[in-house]
Amino acid sequence: MSNLFKAEHPFSNYWTHQGGLPEVIGVLPSREQADILVAKYFDAVDPVYPMLQRDTFEHDYNQFWSLGPVERTNADASLVALIFVMLAMGTQFVDLPSLEEKEQTAEFYVSASHQALRMFSYLARPSMRSIQTMVLITYFLMNDNHASDAWAFAGILQRQAYALGLNRDPSIVAPNAHPLEMQQRRKVWQAVYIQDTFLSVIIKLPPTVTHTDVRIEDLVEIDDASFEHGGSDTSFIRSMWSLAGIVQGTICTPRSLDHAICQNAAERARLVAHFQKIYRSLPLPFRTFNETAICELARRSRRLARQTLFLTSNYFHCLMLINADEHESMACDTKATLEAAHEAVNSFFLFHTIFDGEAGVWFHFQHRAFSEAMIIAELVKNKPPESNMDPLYMVAKTDILKMVGMLQISSEHDIVARTRMGVLSNYL
């Protein structure tokens with residue numbers, strides 16, 4: 001793993017030795033601009049990583065802006081860090097006159113976030129806010145083509161989450177806490193857990209967030225204002241958590257050691273059945289996946305549609321990896337691999353269509369989709385001669401062409417897309 005396209009340090013140093021927190025606060029945009037970027041964060045990022053208590057954040061955010069310039073410099077540095085990383089992620093999803101300007105603005109904001117964390121002494125005293133900030137910085141770094149830096153930074157984050165005791169059942173370690181506080185601890189822990197698990201899937205390195213007694217069933221609906229059309233943030237979190245629970249042990253661990261996922265076809269059949277059982281147990285909105293249903297869902301609830309497509313992408317990507325696994329004692333299940341890969345990459349196509357290119361911002365989504373297209377291309381390249389008119393291979397070929405077409409559109413201004421298009425085009 002490496003930063004193929006960005007080798008510089010991820011947090012540019014704009015800061016003086018004596019500047020402190022006032023220097024960081026001094027580079028905040030106007031309240032009007034900040035409101036736009038925070039709103040974009042809650043529109044594009046919060047649905048798929050719902051770990052902030054929005055009412056609490058907005059209360060603290062409004063209170064911060066109500067302070068005078070002098071009083072504001074004495075604000076909680078962890079709140080300042082959280083605000084800045086939300087501005088950075090919001091910037092990644094807004095339209096600016098040039099991509100270079102957007103990139104530089106977002107990177108400036110994330111540098112400010114990191115500097116505020118330093119002013120908070122985050123390494124010595126982890127807090128819920130600092131953990132939330134670090135989760136978002138990790139996602140930002142991935143989206144900004146700093147995968148190696150994200151992996152390293154996430155390692156610090158995971159240690160901090162352990163140090164704060166988020167891996168422990170709050171009813172045991174904080175029995176007198178308010179139920180909402182217990183739920184917030186569970187939500188932040190799952191954000192760390194899910195991030196670690198699915199980043200491990202992509203980069204084939206060992207998962208770290210493995211020791212916990214926090215239970216999925218204890219995450220229940222408590223004043224969940226997001227409930228709509230049969231789904232909610234809580235049910236989405238539980239669904240992703242359930243999937244991560246099986247993925248970590250059955251896919252992440254063996255792949256990180258270059259071991260086979262399954263030893264034989266019978267074991268693979270049992271594992272696939274286990275994944276399918278989990279998928280069937282998900283709330284209905286998260287498993288009604290076809291183009292018509294997703295478009296209708298997006299018309300009713302764009303939040304739920306985002307969640308469904310993220311969950312669908314992760315599920316079918318993992319199913320593809322299981323079926324594509326091969327070694328001396330077991331061949332690739334070509335049909336099942338192509339079917340799962342099609343569903344996975346199609347979720348990327350739909351996300352890109354419905355949400356105006358947002359899929360192109362998310363590192364996870366882009367990287368999974370490219371991996372899926374590569375596996376499809378390899379199987380199509382090696383297909384039996386008599387399969388030219390097989391509908392399965394015809395759909396697969398269409399998926400490759402569609403991916404190449406999407407990459408070509410972005411290739412003029414995106415070196416990552418240009419490189420991937422070149423690799424994938426070699427199969428056509």
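Modeller: Contact here means heavy atoms within 4.5 Å, and with that in mind we can read this structure, which is a predicted model.

Biologist: Leaving aside its neighbours within four places in sequence, which residues is Tyr162 in contact with?

Modeller: Tyr162, which is found in helix 8 (residues 147-163), is in contact with Asn167, Trp189, Thr208, Val209, Thr210 and His211 once those sequence neighbours are set aside.

Biologist: Which backbone atoms lie 3.1 Å and 3.2 Å from a polar atom of the side chain of Tyr162?

Modeller: The backbone oxygen of Thr208 lies at 3.1 Å from a polar atom of the Tyr162 side chain, while the backbone nitrogen of His211 lies at 3.2 Å from a polar atom of that side chain.

Biologist: Why does Tyr162 count as partly exposed?

Modeller: Buried means under 20% relative accessible area and exposed means over 50%, with partly exposed in between; Tyr162 counts as partly exposed because its relative accessibility is 23%.

Biologist: Turning to helix packing, how should I read the pairing of helix 15 with helix 17?

Modeller: Begin with the axes: those of helix 15 (residues 334-354) and helix 17 (residues 391-410) come within 10 Å and cross at roughly 35°, and the crossing is left-handed.

Biologist: Which residues of helix 15 and helix 17 meet?

Modeller: Helix 15 contributes Thr334, Lys335, Leu338, Glu339, His342, Val345, Phe348, Phe349 and His352, and these meet Leu392, Tyr393, Val395, Ala396, Asp399, Lys402, Met403 and Met406 of helix 17. By class, the residues of this contact comprise ten nonpolar, three polar and four charged.

Definitions and conventions
Residues are numbered from 1 along each chain as its sequence is written. This is a predicted model: local features need pLDDT of at least 70, side-chain atom pairs count only at pLDDT 80 or more; totals for chains, interfaces and linings use all residues. Side-chain values use heavy atoms; hydrogens and water are left out. Axes are lines fitted to C-alpha atoms, for helices over the stretch in contact, and angles run from 0 to 180 degrees between N-to-C directions. Helices (H or I, at least four residues) and strands (E, at least two) are DSSP runs, numbered from the N terminus. A crossing is left-handed if the near helix is turned anticlockwise from the far one by less than a right angle, and right-handed if clockwise. Ala, Val, Leu, Ile, Met, Phe, Trp, Tyr, Cys and Pro count as nonpolar, Asp, Glu, Lys and Arg as charged, and the others, Gly among them, as polar. Buried means under 20% relative accessible area, exposed over 50%, partly exposed in between (1.4 Å probe, protein chains only). A polar contact is a pair of N or O atoms within 3.5 Å; within protein, one must be able to donate a hydrogen and the other to accept it, and residues adjacent in sequence count only if both atoms are side-chain atoms.
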